[in-house]
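Colleague: Please take me through one part of this model closely: the sheet. Then place it among its surroundings.

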Amino acid sequence: MRLVVEGLHTYYGASHVLQGASLVVEPGEAVALLGRNGAGKTTLMRSIVGLTPARSGSVLVDGRDLRRAPPYRSARLGLAFVPSGRRVFSSLSVAENLEVARRSCPRRRGPWTLKRVYEVFPKLAEVRTRRAGHLSGGEQQMLKIGRALVTNPEMVLLDEPTEGLAPAVVEELGQWLGLLTRENLGILLAEQSAAFALAHTARGYLLEKGRMRFEGTMEEIWDSAELRSALGVAEHPNRTR
Amino acid sequence: MAVAIGAGALALARPGSLDTLLLYAVLAQSWNLIGGLAGYASFGQVVFFGVGGYLTALAMVRLGLSFYLAMPLGGLGAALFGLAVGDLVLRVRGLYFAVATLVLAGATKAVLSSWPGLAGPSGVLTITTVGLHQPTARPGPLGFDAVYLALAAVSTAGVSVLVRSRLGDSLAVIRDDEDLAGALGIAVRPAKVAAFSLSGALAGLAGGVYAFQVTALSPAVLFAPLLSVVMVAAVVAGGAGVLGPLRGAVLLWLLSAGVGSLAPELRDVLVASLIVAVVLVEEGR
Ligand SMILES: Nc1ncnc2c1ncn2[C@@H]1O[C@H](COP(=O)(O)OP(=O)(O)OP(=O)(O)O)[C@@H](O)[C@H]1O
Ligand SMILES: [Mg+2]
């Protein structure tokens with residue numbers, strides 16, 4: 001799947017949040033969407049999947065414009081959105097959360113079944129009968145990713161997956177992202193915590209006040225003191241790749 | 001007009017009567033579909049009752065149809081009405097949806113009140129029950145009880161099938177987190193509109209029976225706001241699911257019967273206050 005976003009303008013009432021944001025994610029590519037608090041990262045993702053429709057611009061998924069399509073269209077075409085925070089169906093069990101997601105995209109076939117999700121996330125299998133609202137932050141993150149995977153997507157939009165996670169879980173999350181990449185899934189990763197995104201993607205966009213301020217490789221971002229200060233990253237971290 | 005209102009109030013009030021209990025049960029299941037299962041608390045659910053009631057009466061009076069044909073038509077009409085307005089009102093949630101439905105009921109009632117062709121100059125549409133022109137012989141009290149019982153059974157069976165269906169699954173997650181449901185591939189808007197329309201069918205069918213029971217119809221009778229309150233309260237008090245609304249209907253029926261026998265003149269005020277109290281207690285749990 002190839003995602004091309006062009007000149008999106010999105011409003012919340014009168015407030016003009018996205019002011020012509022554009023980006024491209026190639027098939028199987030991992031791309032970072034960086035930007036400070038309130039820059040519009042979440043809004044951009046919501047506009048891509050149709051939860052907060054953009055007023056103008058285009059969202060092309062393999063050439064098809066989904067800007068005004070309802071959210072289920074993008075999901076059924078294989079573009080999965082993993083929202084930030086504790087967004088699970090809290091009154092349903094872990095297994096029911098996965099089951100609902102699997103059944104919501106019945107036509108999508110692929111390698112991901114509930115069984116495979118439990119194999120990849122054995123901790124999830126242990127709590128499969130527990131109510132999703134009672135899971136720990138890390139378990140909920142696993143469930144959110146597993147829930148996206150059972151729809152057999154071709155691309156995943158991850159909104160702030162590290163938020164509120166313990167460092168050990170963040171490390172695990174990095175491994176899961178590696179797995180998605182090996183499966184040839186495209187990834188768009190929105191992060192405030194630039195260090196994590198920089199370690200797990202090769203290319204990124206910097207969103208500032210609803211506009212793309214910069215687009216380039218991670219090396220370019222690290223090499224620019226100005227960009228680092230815009231991201232709030234003071235020093236060069238240990239590179240993991 | 002006053003006669004019509006009096007008759008309506010009386011039929012609704014007759015404390016302790018079985019038909020009232022069964023009517024409450026149908027209305028509670030109607031509200032359950034949209035308020036309980038989908039999580040959209042409608043405060044104007046009486047609009048379907050009124051639309052179904054009027055359509056049933058008009059089909060009998062103007063078209064000379066049998067009640068047993070007119071009532072399903074009324075239910076169908078209410079469902080179609082729900083389909084038509086659902087997409088619009090279901091764009092907003094929570095308090096906004098409550099207000100939108102309240103306005104919908106008020107506006108529909110106002111339109112019907114000022115519609116010259118709807119009833120005679122008196123403003124009361126009467127279903128003839130004597131003479132040669134009566135479309136259907138009026139059943140006795142037991143006959144109405146039987147019709148309401150059938151409706152209550154069909155409603156409850158329908159809800160129990162629905163909660164196990166794919167639509168039921170969709171509604172459960174929509175209630176939990178609507179945005180998320182959409183992002184996962186669930187067709188949110190159609191599911192909500194379907195629930196609203198089905199809830200309209202149930203209330204519309206009940207309205208049709210009620211219309212034939214009361215026979216002298218005016219917007220004040222068929223769009224009584226107290227009915228909307230009863231529907232909300234039954235599910236809040238009894239709980240959603242399949243059997244919860246039935247529990248709630250019994251509770252409200254006992255409540256209104258008790259108050260009616262103690263202080264008939266204060267009945268509406270007391271019932272309304274008690275309902276508010278029940279809702280507050282339930283909310284605080
Ligand atoms: N539902 C909403 N209604 C009105 N304004 C909103 C809404 N959601 C976000 N905003 C505003 O839109 C702007 C962009 O917010 P958004 O959540 O997209 O930023 P973000 O980059 O995801 O920030 P964060 O890193 O804090 O998650 C902010 O100014 C925010 O206050
Ligand atoms: Mg955000």
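Modeller: Start with terms: strands (E, at least two residues) and helices (H or I, at least four) are DSSP runs, numbered from the N terminus. Two strands pair if DSSP finds at least two bridges between them.

This is a predicted model; local features need pLDDT of at least 70, side-chain atom pairs count only at pLDDT 80 or more, and totals for chains, interfaces and linings use all residues. Residues are numbered from 1 along each chain as its sequence is written, while chains are lettered from A and ligands numbered from 1 in the order in which they are written.

Now the sheet. It is open, has four strands, and lies in chain A. The order is 2-1-4-5, with antiparallel pairing. Strand 2 and strand 5 (64–65) of chain A are the edges; each pairs on one side only.

Take the strand 2 side. Strand 1 (residues 3–12) of chain A and strand 2 (residues 15–25) of chain A run antiparallel, joined by eight bridges. V4(A) has V24(A) as its bridge partner in strand 2. The two strands form a hairpin, with two residues between them. In that turn, G13(A) has a positive phi of about 60 degrees.

Go to the strand 5 side. Two bridges join strand 4 (residues 56–61) of chain A to strand 5, again antiparallel. Here L60(A) stands opposite D65(A) of strand 5.

Sort the shell by class.

Last, the partner chain. Contact means C-beta atoms, placed from the backbone, within 7 Å. In chain A, 21 residues are in contact with 13 residues of chain B. Helix 2 (71–77) and helix 3 (94–104) of chain A are the elements that give two or more residues to that side. The predictor gives the complex an ipTM of 0.81 and a pTM of 0.84.

Note on methods: Contact = placed C-beta atoms within 7 Å.
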